[in-house]
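Hi,

Here is the structure I promised to pass on. Have a look at it first, and then read my notes below.

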Amino acid sequence: MSAIERLPSAAVPDNGLLRFLTCGSVDDGKSTLIGRLLFDSKTILADTLHAIQRTSAKRGLDVVDLSLLTDGLQAEREQGITIDVAYRYFTTGTRKYIIADAPGHEQYTRNMVTAASTADLAIILIDARKGVLTQTRRHSYLAHLLGIPHIVVAVNKMDLVDYSPATFAQIRSDYLTFAAGLGLTDVRFIPMSALQGDMIVERGERLDWYNGPTLLEILESAPAIHSAHAEKFRFPVQYVCRPQDSANPELHDYRGFMGRVESGELCVGDAVTVLPSGRETRVKDIQVLGESLDRAVAEQSVTILLEDEIDISRGDMIVKSGELPKVAKQIDAMLCWLSESPLDPRRKYLLRHTTRDSKAMLAGIAFRVDINSMQHEVAERLVMNDIARVRFKLAQPIFADLYTESRGTGAFIVIDESSNNTVGAGMIV
């Protein structure tokens, strides 16, 4: 009987949604781990299982290659590596999950940054035979930089080191030394074998010296991202809804402001301020699909109706009065450069922050981070996968929080206007 099947049927709790990321060095078993998690939690469709069984048999394998569940690109299956970010969804009955399987190769660092930007928890895999590697440190740094609050260090392939507790203890000690210098605080360690299934969903019988929780038990108990601390209410307006239906008198004067709650919560009757105008009013109603709600919470898409007629359009922001963000035309940020074309200090770019766009120019590069040594270097330009502290000057103000306070309003992307490609991702510091 699986761990999930042992849960009581009555009063099943709902632990909400958890987005988590798997990352680490090349060929340390990330895709196999996710495949094992899906397989042992019985969330693989029968036809999908049959397909990977056939592919495994064609390769002459005696066991099912569970990594095929996430390696969806033909190039990935041919090389046995992860190139693109693979997303998978599953539920245990008590919680819903979105998994992002990030590539381990250094050249695909930008893909890892994309996956980590929305993760609540990161599983950093370490091959028990190899220990802490450069890519382990690189992905740990990126996870910390991108504000992932919970880190799980999974020492995988314990079956290849005879399930040695001394090997696990040494890797744990090495990683903690590195983590202390980086400032990581919430780090948990777990020995496992994704190939054999030890400590993923079931405990197995070969790691009896480890008394901690299984990986699934850690995931089930991890707090959701918006529950860590009280957040200020932020509502970037995406669309102004004006039906003006003459046949329906109730809709003739209807004026609702549609968008997604980035953080915090709002109740009917709360005093709010509209930016950039600074006008104040109160919330008359909160609606979803025409139904009224008493309150709106983070990550919920709603329509807000206000008591007063105020000029509001896309790109404006509704906040609680007394909880105003900084209105800025100049920002300092940690920037991850994603484009194959280097950052050109002479060019104008489009900076997109929530639903608001502003032309931007680079005002300076304070330093570039050497991901291998974590040292700060002088830099005059940035190339693909570079991470640097920069300053941008903006033509239009944005309503920003520090990234450490709000990932939704503390982040932005940089767009090349000529190609409309996203060329950079930044975190306001």
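Let me start at a strand pair: I413 has A425, in strand 22, as its bridge partner. Strand 21 (residues 411-416) runs antiparallel to strand 22, with 6 bridges between them. Helices (H or I, at least four residues) and strands (E, at least two) are DSSP runs, numbered from the N terminus, and two strands pair if DSSP finds at least two bridges between them.

Before going on, a word on the source. This is a predicted model, where local features need pLDDT of at least 70 and side-chain atom pairs count only at pLDDT 80 or more, while totals for chains, interfaces and linings use all residues. Residues are numbered from 1 along each chain as its sequence is written, and side-chain values use heavy atoms, with hydrogens and water left out.

Back to that pair: strands 21 and 22 make a hairpin with 4 residues between them, and N420 in the turn has a positive phi of about 65°. Is strand 22 enclosed or open? Of its 8 residues (421-428), 6 are buried, so strand 22 is largely enclosed by the rest of the structure. Buried means under 20% relative accessible area, exposed over 50%, partly exposed in between (1.4 Å probe, protein chains only).

Elsewhere there's an open sheet of 6 strands, in the order 2-3-1-4-5-6 with mixed pairing. Its edges are strand 2 (86-91) and strand 6 (187-191), each pairing on one side only. Strand 4 (residues 121-127) and strand 5 (residues 150-156) are parallel, with 7 bridges, and I123 is bridged to V152 in strand 5. Helix 5 packs on this sheet, touching strand 1, strand 4 and strand 5, and its direction makes about 175° with that of strand 4. Contact means heavy atoms within 4.5 Å; axes are lines fitted to C-alpha atoms, for helices over the stretch in contact, and angles run from 0 to 180 degrees between N-to-C directions.

Helix 5 (residues 134-145) has a helix partner too: its axis and that of helix 6 (residues 165-182) come within 11 Å and cross at roughly 35°. On the helix 5 side, T136, R137, S140, Y141 and H144 meet Y175, F178 and L182 of helix 6.

Cheers
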